[in-house]
Amino acid sequence: MAEVVPPSKRACERCGRMDVWDESQGKWVVAEADGREQTGTPHCLHEWDINGSYNPLRDDA
Ligand SMILES: [Zn+2]
């Protein structure tokens with residue numbers, strides 16, 4: 001079965017939380033790995049590794 005490559009993803013540098021961008025829902029959803037949701041630490045102030053210039057709606061210039 002082919003692996004689906006998410007269009008975009010982000011990970012927290014503090015707790016390991018991982019999200020993937022769900023285009024159909026238009027929002028971030030928790031990623032799964034090994035059948036478990038990678039929710040990280042509930043009270044973490046997530047430090048996403050894509051902070052700053054990241055823009056999921058960027059133009060393809
Ligand atoms: Zn976090």
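1. Cysteine 12 is buried, at 6% relative accessible area. Buried means under 20%, exposed over 50%, and partly exposed in between, with a 1.4 Å probe and protein chains only. Histidine 46 counts as partly exposed, at 24%.

2. On provenance: this is a predicted model, in which local features need pLDDT of at least 70, side-chain atom pairs count only at pLDDT 80 or more, and totals for chains, interfaces and linings use all residues. Residues are numbered from 1 along each chain as its sequence is written, and side-chain values use heavy atoms, leaving out hydrogens and water.

3. Cys12 (SG), Cys15 (SG), Cys44 (SG) and His46 (ND1) coordinate the zinc ion at 2.1 to 2.4 Å. Donors here are N, O and S atoms within 2.8 Å of the metal (3.2 Å for Na, K and Ca); water is not among the atoms, so sites may look incomplete. The arrangement is tetrahedral because the 4 donor atoms subtend angles of 103 to 114° around the zinc ion. The criterion for four donors is that all angles lie between 85 and 135 degrees.

4. The donor spacing in sequence reads C-x2-C-x28-C-x1-H. Cysteine 12 and histidine 46 link distant parts of the chain, 34 residues apart. Cysteine 12 lies in the loop between β1 (9-11) and β2 (18-22). Histidine 46 lies in the segment after β5 (36-37).

5. The chain has 0 helices and 5 strands, in the pattern β-β-β-β-β along the sequence. Helices (H or I, at least four residues) and strands (E, at least two) are DSSP runs, numbered from the N terminus. Of the 61 residues, 23% count as buried. Residues 24 or more positions apart make up 37% of the contacts with a separation of 6 or more; contact means heavy atoms within 4.5 Å.

6. Two strands pair if DSSP finds at least two bridges between them.

7. The β1 and β2 pairing has 3 bridges. Alanine 11 stands opposite methionine 18 here. This hairpin has 6 residues between its strands, and glycine 16 in the turn shows a positive phi of about 90°.

8. β2 and β3 (residues 27-30) are joined by 4 bridges. Aspartate 19 faces valine 30 across this pairing. The hairpin has 4 residues between the strands, with glycine 26 at a positive phi near 70°. β2 is mostly covered: 4 of its 5 residues are buried.

9. Arginine 10 deserves a look.

10. Leaving out residues up to four places away in sequence, arginine 10 touches Arg17, Met18, Asp19, Trp28, Trp48, Asp49 and Ile50. Arginine 10 and aspartate 49 are 39 residues apart in sequence, yet 6.3 Å apart in space, C-alpha to C-alpha.

Notes
Tetrahedral: all angles 85-135°; square planar, octahedral: opposite > 155°, others 65-115°.
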